[in-house]
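Work through the exercises below with the sequence and the structure at hand. Each task is followed by a stepwise solution.

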Amino acid sequence: VLATCGDSFLGGEDFDAAIVAHWAGKLEQDGVDLAELGVRLRVREAAERAKIALSSQPAVVEDLFHLAECKGRPYHFQGALTRSQLTRMSEPLINRTLGSCKEALSLAGLEPGQVDDVVLIGGMSRMPAVQAAVERFFGRQPAKGIHPEEAVSAGAAMCGYVLGGGKGSQVLVDVLPHTLGVVSLGRARPILQRGTRLPARRSETYTTSNDNQTNVRIRVVQGESEKPDENTLLGSFEVADLPPKPRGEVSLRIEFLVNSNGLLEVSATDSSTGKRHAVNVSEVIRGDTANSQILSVAS
């Protein structure tokens, strides 16, 4: 793996939502309340069916019988949609996908023409507009020999077999998909940068920021922003019983270790006593850190 990049907030449901928004004007004009749970669920389900159908046919009509009561009478909705309409309304979503492609290529130091094959994964890759956009961007047709809904599970099974000691020539050398770091003085400080080959180990030294400080809470974050709130808080843990000294005289070596399975271990070692605190991200304490003292970067 040379680079990993993606949009965690983009998926098939966003395309469904675009169809619902397209139908919403007619529904609201007819007095249908889309905020009603039963109505909203049926319309979203119809939008998903229409989206799937339009991958193989040019137009579709979804009939929703007795969707709601309007003026004391049953209301039936016909949701009509063409493939060209879906393509137009999906353009911003598809462009977001291509943005991730551009970023991944940049991280890998490649141009689109240097990619040997393009593999489309997931149900949305069946959409003709997605396939056409990918072909335009990479200058080649996507590979057709891999089942888009089975590829991830098949790959996971192969990796699991090798990692479990199975005999085989295929070894996955992965990279870190997101930067990992800690929060210090109101900023997210990176320790392991995204794109780092796994397994990876790196440490940074921090000092206490207050006089006679005997404990710190280490907040572990994932993301690319300097602003902690714009990143994902993976967890936090407490380092206690530090010697009470003037600020800056007690230092902690914070070490991040990500193994070949992608599991993160964070440790903090008191330089004066050698005492080490370690925690796996799956076991970190999640709680309120508003009143905890923080670390400062050692000069």
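**Exercise 1: Trp23**

Trp23 has a relative accessible area of 4% and is therefore buried (under 20% relative accessible area; over 50% is exposed and in between is partly exposed, with a 1.4 Å probe and protein chains only). The model is predicted: local features need pLDDT of at least 70, side-chain atom pairs count only at pLDDT 80 or more, and totals for chains, interfaces and linings use all residues. Residues are numbered from 1 along each chain as its sequence is written, and side-chain values use heavy atoms, without hydrogens and water.

Task: state which element holds Trp23 and which residues Trp23 touches beyond four places in sequence.

Step 1. Trp23 lies in helix α1 (residues 12-29); helices are DSSP runs of H or I with at least four residues, strands are runs of E with at least two, and both are numbered from the N terminus.

Step 2. With contact meaning heavy atoms within 4.5 Å, the partners of Trp23 are Val43, Ala46, Ala47, Ala50, Glu62, Phe77, Gly79 and Ala80.

Step 3. Leu81 is 58 residues from Trp23 in sequence, and their C-alpha atoms are 9.0 Å apart.

**Exercise 2: Leu192**

Task: decide whether Leu192 is buried or exposed, and find its contacts.

Step 1. Leu192 belongs to strand β4 (residues 187-192).

Step 2. Its relative accessibility is 4%, so Leu192 counts as buried.

Step 3. Outside four places in sequence, Leu192 contacts Leu176, His178, Thr179, Leu180, Ala200, Arg201, Arg202, Phe256 and Val258.

Step 4. Between Leu192 and Glu255 the C-alpha distance is 9.5 Å, at a sequence separation of 63 residues.

**Exercise 3: The whole chain**

Step 1. Five helices and eleven strands make up the list of elements in the protein chain.

Step 2. Along the principal axes, the C-alpha atoms fill a box of roughly 75 × 55 × 35 Å.

Step 3. Of the 299 residues, 36% count as buried.

Step 4. The pLDDT, the predictor's confidence in each residue from 0 to 100, averages 85.
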